[in-house]
Amino acid sequence: MASVTTEIPDTKPELDALIIGAGFSGLYQLFCLRERLGLSVQVLEAGDGVGGTWYWNRYPGARCDSQSHAYCYSFSKELTQEWEWSERYPEQPEIMRYLNFVADRLDLKRNIRFNTRVVAANYDEAANRWIVRTEAGEQLTAKFLITAVGCLSTANVPKIPGLESFAGQWYHTGQWPHEGVDFTGKRVGMIGTGSTGIQAAPVIAQTAAHLDVFQRTANYSVPARNAPLTPEFKRYIKENATEFRAVMHATRNGMPFTISERLALETPPDERENLYEAAWQKGGLEFRATFEDLMVDKAANDTAADFIRRKIRAIVKDPVTAEKLSDIDHPYATKRPPIDTNYFETFNRDNVTLVDVKAAPIECITPGGVRTSGGDYPLDIIVFATGFDAMTGPMLRMNITGRDGITVAEAWEAGPRTYLGLQIAGFPNLFTMTGPGSPSVLCNMPVPIEQHAEWITDCIAHMRAHGLERVEATEAAVTNWVEQVNTAADATLLPLAKSSWYLGANVPGKPRVFMPYAGGMARYREICADVAANNYQGFVLSA
Ligand code: N01
């Protein structure tokens, strides 16, 4: 990573806009506001470099599940033409190189202050300004406050009794040490089998003396089939960048492929099996696009679930382990579907054991390892691949207080309440990029990120053009949008995954509310455009 300054640069005492976070969203928002509107903008970033979620998630095997040519900005022809991806899916270090390339190419770092964590933000109603306080005790003032803090950036370490007594080392995948972790000759326990654990286990197993994978809920996974990109494909994606962008803007999930219009249940079983097999061989998240009805019809979904379960049983040699890995309690893709490189194959290694902690739950952590009701597992290292306090966690930990002293925690006591995932009633001039209530995590993230940055930029441009100083979502618009978010989720099978982080179910005490907007990115884009065209309907804009 390029070295970056930690000195405090001269800033105007008052900024037009302050952005929190220098990941994909913060970088593009900075570019839009500075270059297109000429605003004075400062980004505050807790890490010592750009990257956001990718800065922290450096765990073994960390790689994006979106294909590289889609997992990047598409707003700039120059960036698209100048950057070259090396593999079908970009590995974490390559994404970091890419974001540093963008930040340098667009000269963004001069407006980013690193190693600066925001600990409070208060809206001063009389002045119509946000006053932001950092961990170092500094105060900055801005007219607009934009949170670009990511959806998966607050690590969730389960409160397992005895963790503090553990004599070995433990790590959460989302706070991985920059110097890496040497597993050579170590007995490693990994808790969690979501997308992260499924990526990490095969890599950890290569050097560990032994790896115990503690599985509470079995999960589907489809092979990623990662590979170096050929020169022909690299040329093809550059030549067709405009077309790819159009496809990503038109699809439900902001992906560079379209969902088939075929229905699983109307396809003869032999043909259906062939189509699943072809999708399995091709690999990746596109498996989900094999049939149109997979996410709305349980019987259709069962055909995909059954296909994957059979694949798991065919790959895993030990029948007891195969049974536990394929005993999955939710429909396919109702939790974020993982993709993998040799995950199920890893259980054929002599040094890997699957520990079923649904049957025999974890009781505590002892100085020597993990104790389940079925026995003790001696360990040198514990890896928590246990996910995040997703979507709301990063917002809540910043102590944001809006009008009349109301905090985000109070406004969201019964679950997140936003208008379009962009604003919270009672918090004027605060924009929440990829916030709860927007499609965000259901998509290939750069697509919703670009859409939010551009929408916010247009909104601020509109305000400036009309001499307006304040924008705030109305309570009625929020109530209506929360209903629409629930309706969109209920039209799919997504709520059937009862332990999903989409529902907040992975964090004890968190309200059970389906957080992202499931109506599709293309539909959402239209709604946001209509709102703007109708004089920002649902927002109050005032001088
Ligand atoms: O987290 P998760 P993740 N005892 O919450 C288990 C994105 N991502 O980090 O299901 C035992 O999905 C928990 O079990 P259960 C992607 O959006 C992207 O894997 O609650 N187990 C589950 O198995 C993804 O969805 C990429 O029963 C416990 C696991 O921990 C999101 O990040 C790569 C436990 C957590 O799974 C989060 O994925 C990776 C306990 N006390 C991730 N507590 C790329 O595209 C939790 N678990 C690169």
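In this predicted model, the side chains of Asp-306 and Arg-310 form a salt bridge, with an N to O distance of 3.1 Å. Both residues belong to helix 9 (residues 298-315), where four positions, about one turn of the helix, separate them. Asp-306 is partly exposed at 36% relative accessibility, and Arg-310 is likewise partly exposed, with a relative accessible area of 36%. Elsewhere, shared partners join the salt bridges of Glu-125, Arg-403, Asp-404, Arg-470 and Glu-472 into one network.

**Salt bridges**

- The structure contains 29 salt bridges.
- One of them pairs the side chains of Glu-14 and Arg-129, at 2.7 Å from N to O.
- Glu-14 is partly exposed, with a relative accessibility of 37%, whereas Arg-129 is buried at 17%.
- Because the limit for a buried residue is under 20% relative accessible area, Arg-129 at 17% falls into the buried class, while Glu-14 at 37% falls into the partly exposed class.
- Another salt bridge joins Glu-286 to Lys-282, whose closest N and O atoms are 3.1 Å apart.
- In that pair, Glu-286 is partly exposed at 22% relative accessibility, and Lys-282 is partly exposed at 46%.

**Ligand site**

- A polar side-chain atom of Thr-196 is placed 2.6 Å from an oxygen atom of the ligand.
- Arg-216 also places a polar side-chain atom by a ligand oxygen, at a distance of 2.9 Å.
- For Thr-193, the atom concerned is a backbone N or O, which lies 2.9 Å from an oxygen atom of the ligand.
- The ligand taken alone exposes 920 Å², and the protein buries 88% of that area.

**Asn-301, in helix 9**

- Asn-301 is located in helix 9, the helix that also holds Asp-306 and Arg-310.
- Its relative accessibility is 0%, and Asn-301 therefore counts as buried.
- Beyond residues up to four places away in sequence, Asn-301 touches Leu-294, Met-295, Pro-331, Tyr-332 and Leu-493.

**Thr-386, in a loop**

- Thr-386 occupies the loop between strand 16 (381-384) and helix 12 (393-396).
- Thr-386 is buried, with 18% relative accessible area.
- The side chain of Thr-386 reaches the backbone oxygen of Asn-156 at a distance of 2.7 Å.
- With neighbours within four places in sequence set aside, Thr-386 is in contact with Asn-156, Val-157, Pro-158, His-172 and Ile-191.

**Phe-514, in a loop**

- Phe-514 sits in the loop between helix 15 (475-490) and helix 16 (521-533).
- Phe-514 is buried, and its relative accessible area is 5%.
- Apart from residues up to four places away in sequence, Phe-514 touches Leu-442, Val-485, Ala-489, Leu-494, Tyr-502 and Leu-503.
- Phe-514 and Gln-199 are 315 residues apart along the chain, and their C-alpha atoms are separated by 25 Å.

**Glu-239, in helix 6**

- Glu-239 is found in helix 6 (residues 231-239).
- Glu-239 is classed as exposed, at 58% relative accessibility.
- Although Glu-239 and Thr-80 are 159 residues apart in sequence, their C-alpha atoms lie 9.9 Å apart in space.

Definitions and conventions:
Residues numbered from 1 in each chain as written. Predicted model: local features only at pLDDT ≥ 70, side-chain atom pairs only at ≥ 80, totals over all residues. Heavy atoms only, no water. Polar contact = N/O pair within 3.5 Å; in protein donor to acceptor, adjacent residues only side chain to side chain. Areas by Shrake-Rupley, 256 points an atom, 1.4 Å probe, with all protein chains shown as cover. Salt bridge = Lys/Arg side-chain N within 4 Å of Asp/Glu carboxyl O. Buried < 20%, exposed > 50% of the residue type's maximum accessible area, 1.4 Å probe, protein only. Helix = DSSP H or I, 4+ residues; strand = E, 2+ residues; numbered from the N terminus. Contact = heavy atoms within 4.5 Å.
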